[in-house]
Amino acid sequence: MKYVILMQVDPAVLEQLTEEQQQLIGDGHGAFMAATKESGEFIATQALGDPSRSKVVRGGDRPEVTDGPFVESKEFMGGFYLLDVEDEARAVELALQIPDAQIPGLALEIRPVVFADLGDG
């Protein structure tokens, strides 16, 4: 079963991290990717640009395109992991291994994938 783990970012929290904490996060993500690749659960990960670089398309009779940020919130989706795991419990177990789970003010959202086309054939 596929799950996406969305990394919710609060820029104010990131700005307050020490260099050591930033290094731990970077190293932790590297270790997480290596472990899930080795276990065969890793599908993909993407880090997303700052919302100030985004565009928003709002539907309606005449769709409207505006500059970001894309949500009215201090938090934004900073990236995601796409994993293929046995069940939701394993997705939660893995999410707890992502270093962001140890930083107060950051959050991880775990959501099942109900449709996927990864363009692989």
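**Chatting about helix 3**

Biologist: So, Glu93: what do we call it, buried, exposed or partly exposed?
Modeller: Glu93 is partly exposed, at a relative accessible area of 41%. Keep in mind that this is a predicted model.

Biologist: Which residue does Glu93 form a salt bridge with?
Modeller: That's Arg90, and the closest N and O atoms are 2.8 Å apart. Both residues sit in helix 3, 3 residues apart, which is about one turn of the helix.

Biologist: Is Glu41 buried or exposed?
Modeller: Glu41 has a relative accessible area of 10%, so it counts as buried. Arg90 is partly exposed at 22%, because buried means under 20%.

Biologist: New topic! Which residues of helix 3 are buried?
Modeller: Ala91, Leu94 and Ala95. Looking down the helix axis, they fall within an arc of 100°, so they line one face of helix 3.

Biologist: What covers them?
Modeller: The cover includes strand 1, helix 2, strand 5 and strand 6.

Biologist: Which residue caps the N-terminal end of helix 3?
Modeller: Asp87 does, with a side-chain oxygen 3.3 Å from the backbone nitrogen of Ala89.

Biologist: Last one: how many salt bridges are there?
Modeller: The count is 3. One of them joins Glu109 and Arg111, at 2.5 Å from N to O.

Notes. Residues numbered from 1 in each chain as written. Predicted model: local features only at pLDDT ≥ 70, side-chain atom pairs only at ≥ 80, totals over all residues. Heavy atoms only, no water. Buried < 20%, exposed > 50% of the residue type's maximum accessible area, 1.4 Å probe, protein only. Helix = DSSP H or I, 4+ residues; strand = E, 2+ residues; numbered from the N terminus. Arc of directions from axis to C-beta. Contact = heavy atoms within 4.5 Å. Polar contact = N/O pair within 3.5 Å; in protein donor to acceptor, adjacent residues only side chain to side chain. Salt bridge = Lys/Arg side-chain N within 4 Å of Asp/Glu carboxyl O.
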